Amino acid sequence: MTPEQLSTAIVDVLTTLSTTGEVTLPDGVPTTVTVERPRQKGHGDYATNVAMRLAKSAGMNPRAFAELVKGGLEAVDGIAEVEVAGPGFLNVTVAAGAQGLVAQQVVAAGASYGASDAFAGEKINLEFVSANPTGPLHIGGVRWAAVGDALGRIFTLTGAEVTREYYFNDHGAQIDRFSRSLLASAKGEPAPEDGYGGQYIHDIARAVLEKTPDALDRSPEDSLETFRQVGVDMMFAEIKQSLHDFGVDFDVYFHEDDLHRSGAVARAVERLTALGSTYEKDGATWLATEKYGDDKDRVIIKSDGEGAYLSGDLAYYLDKRERGFDRCFIMLGADHHGYVSRMMAMCAAFGDKPHENLEILIGQMVNLLQDGEPLRMSKRAGTVVTIDDLVDAIGVDAARYALARYSSDSNIDLDLGLWTKAAGENPVFYVQYVAARTWRLLHNGADLGVLPASEGFDPSLLSDEKEGDLLRALADFPRVVTAAAELREPHRVARYLEDTAGSFHRFYDSCPVLPKGDEEPTELHRARLLLVQATRTVFENGLALLGVSAPERM
RNA sequence: GCCCCCGUAGCUCAGUGGAUAGAGCAGCGGCCUUCUAAUCCGCCGGUCACAGGUUCGAAUCCUGUCGGGGGCACCA
């Protein structure tokens with residue numbers, strides 16, 4: 001029995017009680033009820049607080065309400081015991097047979113275990129990373145590469161149609177500064193005062209010269225344009241390659257410049273003007289964002305006639321909506337959080353629903369530590385910690401896992417030393433070791449002629465306490481995936497895997513899976529091997545959501 | 001001054017209004033002729049920053065204060 005099935009059973013009982021008039025529910029029978037795994041041993045396998053939640057409106061005291069629910073639940077197949085406890089909790093113990101069936105259900109579902117239709121029919125657009133191609137991808141962008149991609153995988157598993165996009169800022173002054181920096185380097189001149197000065201500038205400048213040897217022999221305008229075009233292409237190709245090596249590929253690379261050239265910006269401004277949300281002042285065109293909660297109104301067309309940065313975002317958002325995306329996500333670093341209120345105001349000005357059609361996720365800062373010392377990151381100073389540096393230092397699996405296991409709301413300090421350790425204190429090793437251990441058991445079993453139980457499987461054989469803990473953990477996976485999607489929090493998957501790894505290792509420690517010596521294989525061995533296979537399935541699926549491999553051996 | 005995030009064990013962090021607040025690391029102490037011990041077990045460790053409020057119940061929600069981080073452009 002899974003928590004979902006128990007939840008359904010409870011709703012059925014409530015429906016019956018309501019129909020017969022034994023309880024009166026003014027707000028109707030809830031469609032779902034909370035079922036949780038109590039931390040406390042002795043509080044049953046599952047607990048629900050429905051009685052406490054509904055008692056007041058039903059005009060009863062919680063324990064009396066709970067007693068009625070208990071009566072109904074006890075008759076449900078697969079429920080061994082129901083207890084009313086404390087202020088009105090219902091503690092449910094599931095029959096070993098019903099519990100053990102979970103192993104079979106997981107294996108039968110295979111790669112689709114954890115999938116749901118929670119977001120079925122939704123077209124979701126995820127925009128993340130979107131770093132300017134003025135330098136290598138630095139650590140802040142990498143956090144979203146890991147988390148955003150994981151979120152995409154989670155939404156996909158919960159039924160959504162996901163498009164990953166990278167917004168390519170190739171229109172503004174930063175690109176000019178980048179181009180001029182390249183040109184200066186190629187000429188052997190110092191970097192412009194407002195330019196970029198890292199080593200990569202010299203590398204790219206040299207590469208541009210190799211590709212277009214006459215780049216410096218052209219007119220000043222042509223020369224700069226050459227460095228702009230070739231340099232940006234090279235830089236962007238490098239970023240794409242780094243992301244690809246990191247396991248992150250985008251469906252759409254959207255160029256800001258296209259929005260300006262195609263007239264999309266002008267159309268977006270016209271649309272807003274028609275809706276009465278713009279006005280002219282001081283020679284510029286303003287968007288009235290303040291009335292939608294922004295601190296102040298914002299310029300969208302500057303007095304020189306050029307579009308302000310926000311104008312590209314207006315057009316881009318409109319474009320996404322016209323492409324049919326119900327939900328547009330933009331993932332930004334904390335240093336851009338000030339952008340949220342004006343973007344939400346823009347969304348409202350279009351007549352859309354802020355925080356629904358448009359969601360902006362903010363990721364706090366990442367600091368890298370080596371031996372306890374902070375590594376400073378500064379693109380301009382040239383001491384950049386890039387995505388490639390990170391991958392070289394700890395590998396893709398550890399990097400993705402490390403960045404995805406924390407709440408995006410938290411600043412994080414990653415100690416590179418920890419993430420390279422081949423020991424259980426390194427969370428990614430601890431979790432991946434489960435995958436390796438299950439693989440070994442399945443193969444050693446095959447060598448001994450022991451295969452996971454299938455037909456004639458007696459689920460009640462899995463009655464050990466450690467087996468029950470593991471089965472309940474495995475049964476939780478779909479709920480964890482759904483919660484991660486609903487809350488946009490991929491780190492829940494990582495934390496779940498860490499907890500479940502503990503349950504598996506404890507099971508492994510106290511429940512021999514394979515026959516030893518001359519021992520004849522029994523149904524219990526086969527049942528346990530099925531549980532091992534189910535565990536392997538959950539870890540494969542869970543790690544896949546994070547873009548981390550489930551190794552066969554380590 | 002205003003806005004966003006954070007404040008939970010010595011450290012790094014979980015904790016979608018529930019019961020006695022958890023994990024890993026660090027510290028102390030155990031289990032290897034092993035289904036490879038990269039695992040596992042025990043002990044130690046808390047004013048959930050502080051003060052009010054909301055309710056059957058608050059680490060969680062609201063208000064304020066303090067502390068840390070990040071922002072407040074006709075830059076992008």
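This is a predicted model: local features need pLDDT of at least 70, side-chain atom pairs count only at pLDDT 80 or more; totals for chains, interfaces and linings use all residues.
View 1. A disulfide here means two cysteine sulfur atoms within 2.5 Å, and the structure has 0 of them. Cys 328, too, is in no disulfide. Cys 347 is buried at a relative accessible area of 0%, and Cys 328 also counts as buried at 0% (buried is under 20% relative accessible area, exposed over 50%, partly exposed in between, using a 1.4 Å probe and protein chains only).

**View 2. The protein surface around RNA strand B.** Elements supplying at least two residues each include β4 (89-94), α16 (427-447) and α18 (491-510); helices are DSSP runs of H or I with at least four residues, strands runs of E with at least two, numbered from the N terminus.

**View 3. Side chains reaching RNA strand B.** Arg 492 has a polar side-chain atom 2.7 Å from a phosphate oxygen of RNA strand B. Asp 509 puts one 2.8 Å from a sugar or linking oxygen, while for His 505 a side-chain N or O atom is 3.3 Å from a sugar or linking oxygen.

**Notes.** Residues are numbered from 1 along each chain as its sequence is written, and chains are lettered from A in the order written. Local features need pLDDT of at least 70, and side-chain atom pairs count only at pLDDT 80 or more, with side-chain values using heavy atoms and leaving out hydrogens and water.

Technical notes
A polar contact is a pair of N or O atoms within 3.5 Å; within protein, one must be able to donate a hydrogen and the other to accept it, and residues adjacent in sequence count only if both atoms are side-chain atoms.
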